[in-house]
Amino acid sequence: MSLLLRRRSRSETRSHEIRTEKARQPESESETKSDKPDKEQLAKHSHHHHHHHQMRHNAPHASEQSLNKLGLVATSGMGRRKTSAELISEAKMFLGESVGGAVPLMATGGARLVSTRRPITPRESGRVLYGKVALAGRPPSAFSMRYLQNEKPSTPRQLPALSGSGPATPMPTRNGALLCQSSTETLIELLKQHSGLKDCSDETVQHINAILQELYTRVRKQERSFKRGFILGGLYGLVECTSPRVLLAVARVVLALRVTGSNLTGACKLIFKVARHEQHDALFHEHDVLELLIDGLGHASPLDEPEACIYAYGCIRFLTASSAQERDDALNRNWIGLEGSGSGSGCASGSESHPLAIAALMPPALSAISAGLCPRKLTGQQTLVSRLARHGAVELMILHLQMLNEAGATKRLQGPPLHTLYQLSAAMRALADVCQQQQRLQLQLQLACPHLIRAAEVSMGELEVQANVVRTLSVLSEDSDCCETLHNYAARIGLLLGPSCAGGGQCSERLLAVLSRLGYMLGNILAKHESARIQYFHNDVAMEYLLNVLEQLNDRPATSVALLDAQIKLIRVVANMSVNPEVGAGLGNVRSLGTVLLKLLSKTSDELAKKKSPEQQELLHATLGALHNLCFYQDKQAAAQPLAEGSLQSLIDDLSEALAKVLGHCQTSVTKVELARVLGNLTRNERARRCFCAAGGLPLMVQQLTKQAAGQDYELRTCAIGVLVNLLGDGEQRGPFLQLRGAELLSLLLRGSLEQEDWFLANIVCQALWNLLIDGQCAANLCQSGNILDEVSDLLADYLDEERMLPGDNDNDNEEDEPEREPDDVDADADVAETDADADGHDALWEDFALVATDLLERIQNNFDRQQQSQTLVLQQTDNEDDNDVFIEEM
């Protein structure tokens, strides 16, 4: 015992230093101290508030970090204790940091962020301007240039009708040197010889291109010895040629003439005609046609020349988004695997993983994934995007966006200007999809964010256009810089939900797409910015719209993937908003939110029991993620004031029963983990504990642990033990727990965790045992049987031995033997520092275990002493009664 006490004194010394240091710091507003200093009372549920994110920036000593993360601050006895959910999630994060693994971004204090995959984007069969849905009055995706033949030029700047052939002149042979010596009039006559050309040989294409290249060179030098209309007349006869090289060469000459009006539109159509086919993308890398296109758009107005803008922005969208759909498909297809790979918990859950285990959003890894999928295409895209950005394409887009927004503020946009907004926003989204490595473009897109929000408002009522604008914003919200800008508009974005379901009735696929992308964007913003959570929650109109949409979607049968996707994204808004303590507590008494979540929980779990669906499972996990956060702040009973109808606080009983029911029928390990996490927070509420146990919750948790005692699902095991810590805090549950052979189970779990030197798991098992032994009758029964507590005592005494620890405790003993290193041996210093950090983490976790285990061992020994004293007293009383006892013993 002397060894045990010596080790404990070391733990208390370290904790005393931490306590002294913390006393010098001002207490956080979001952190409250326990008002139950008694050792037995401290073993029960700690009803305390959420720790603010900023507490993590103080960078305390490693031992202090581990004490805080495991919920223990050295006071008398067991110390101040956190909830089971906090212990599990924070220790997992600490373990991830100590081993250098990928650590999920978790909110401290039992609430955590929820991430989802990107919204579903239907795959288009080919490059078309508007997709499958027709818009009234839109320019066609496919067109013919022949309609220009009937135009009567009103100015020399328009393409004239094909004129008759002029006087015969000697033509030079097909020789490039002779072309340089020919006059411009001769070059035009050569082109007119091919007027009306469609199919042609490679030799003819090469000859025509040589003429057009020479003509382009002269036009770029601003040669004034010819008329613009004369040149355009010679070019017109080539617009029906099937060669994409010829069409682009014609467009270059036309744009070099700095045309406007219908001629500019015609040039944009020629480029669009080529860009429609993906196999022609390489041609745009051969010359400056894109730069010329941007120059031409600089002379156009989206209100006065909308068709030119429509086809030009359509070209940009096609050329910069050729593999964006493939990237989306691959990302969503591999999403589950990506999520699971980021966990640093050390959980061995087989091949299964789940989205809620990862809180950090995925975009930082997208560029690497995309490069791995299609490096050649992505490189080409980035090249084109870089050229466009350098030439001012995004600035021009923002200018056109402002012009459209100003026009839409006074009069509803319709017709070609509205279609221009559609293409412009789509082109901007395509640029955003491949701009991760281009800081200048990211900054430009960041400036576009407020204008896109205004465009989404201007296009209200035009679902096709609004969906495209919101889709662009949702992509931009993945970028941290753009998200930084967007978070100031969180509530304003939330207002876009208002008119979405105002009409009632069946939601269209396009409406669901708008809701899904609005939810995705808001979820990204609320995952990163604390101020946005508060701003959104305090905007009554935005909150009302969110609740209305959730209710209306919940009333519809889950018949489509699009509906499920919208629900997933909008539930995530609630989950990430409730990470904030003020918001999380306030949402507990918001009308109908509890009803929505409870209905989703029951309906989705029933659907999964019938037919497993990835979308149904993701929706269930998103719902559990929201409940996980909200339940953390419902630890206290509802106050005397009336509760809002359908609020979470008013449905604590129903929620506890529903969770027990779902857990009893659940067959999926990852879903069981999520259920246990919710229960870890919910069972801090006394009423919830009683309702859960009344619904058979205690046998269910014992059953989960019995299955997992030697299983591979570490996460489920730790979460279930955490729930038991809460349940055993109630005296009426300790007797039934013994009848379920719970003490043997805890002993088995303790042995397994100690043999693996899993100090965190051993820590919470000790807490469960401590709560069990608070009950005098339970302690007496276990002492009488002796075997279980004897085994636990031996285990604790054995593993509290200092000599089992790493040799880091005797650092001073080996200082003389350490080899000398040169001062510039940086790598060696780094290796030693990393090793020391791992050792410190291991030692800190052991210290926390030792603090709890020492108190538990003392309690067990005190119980044995009291039992022995009681037996001695009974024997003494028996000896003093009469001589009959002596007689019987002698016989």
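A charge sits over a ring if NZ of Lys or CZ of Arg is within 6 Å of the ring centre and within 35 degrees of the ring normal. The charged end of Arg252 meets this rule over the ring of Tyr216, at 3.9 Å from its centre. Arg859 does likewise over the ring of Trp770, with 4.3 Å to the centre.

The model is predicted: local features need pLDDT of at least 70, side-chain atom pairs count only at pLDDT 80 or more, and totals for chains, interfaces and linings use all residues. Numbering runs from 1 along each chain as its sequence is written, and side-chain values use heavy atoms, with hydrogens and water left out.

**Overall build**

The protein chain has 41 helices and zero strands. Helices (H or I, at least four residues) and strands (E, at least two) are DSSP runs, numbered from the N terminus. The chain holds 891 residues, and 56% of them count as buried. Buried means under 20% relative accessible area, exposed over 50%, and partly exposed in between (1.4 Å probe, protein chains only). Accessible surface comes to about 37800 Å², with 50% belonging to carbon and sulfur atoms. These areas come from the Shrake-Rupley method with a 1.4 Å probe; for residues, only the protein chains shown count as cover. A contact means heavy atoms within 4.5 Å. Among contacts with a separation of 6 or more, 79% join residues 24 or more positions apart.

**Aromatic pairs**

The whole structure has six aromatic pairs. Rings of Phe, Tyr and Trp (its six-membered ring) pair if their centres lie within 6.5 Å; planes under 30 degrees apart count as stacked, over 60 as edge-to-face and the rest as tilted. Two of the pairs are tabulated.

| Pair | Centre to centre | Angle of planes | Class |
|---|---|---|---|
| Phe272 and Phe318 | 5.5 Å | 35° | tilted |
| Trp759 and Trp846 | 6.4 Å | 85° | edge-to-face |

Phe272 lies in helix α10 (residues 261-275) and Phe318 in helix α12 (residues 306-320), so this pair ties together parts 46 residues apart in sequence. Both of these Phe residues are buried. Trp759 belongs to helix α37 (residues 759-773) and Trp846 to helix α40 (residues 826-879), so their pair ties together parts 87 residues apart in sequence. Trp759 and Trp846 are buried too. Ring pairs also link Trp759, Tyr799, Trp846 and Phe849 into a cluster.

**Cysteines**

Zero disulfides turn up in the whole structure. The criterion is a pair of cysteine sulfur atoms within 2.5 Å. The sulfur of Cys241 has its closest cysteine sulfur in Cys200, 4.0 Å away, which is too far for a bond. Cys241 is buried at 1% relative accessibility. Cys482 is in no disulfide either; the nearest cysteine sulfur, that of Cys449, is 4.1 Å away. Cys482 is buried, at 2% relative accessible area.

**Covered helices**

In α20, 13 of the 14 residues are buried, so the helix is largely enclosed by the rest of the structure. Helix α31 (residues 669-682) is mostly covered, with 14 of its 14 residues buried.

**Val792**

Val792 is placed in helix α39 (residues 787-799). Its relative accessibility is 1%, so Val792 counts as buried. Val792 touches Ser747, Leu750, Leu769 and Ile860, not counting residues up to four places away in sequence. Leu748 is 44 residues from Val792 in sequence and 9.2 Å from it in space, C-alpha to C-alpha.
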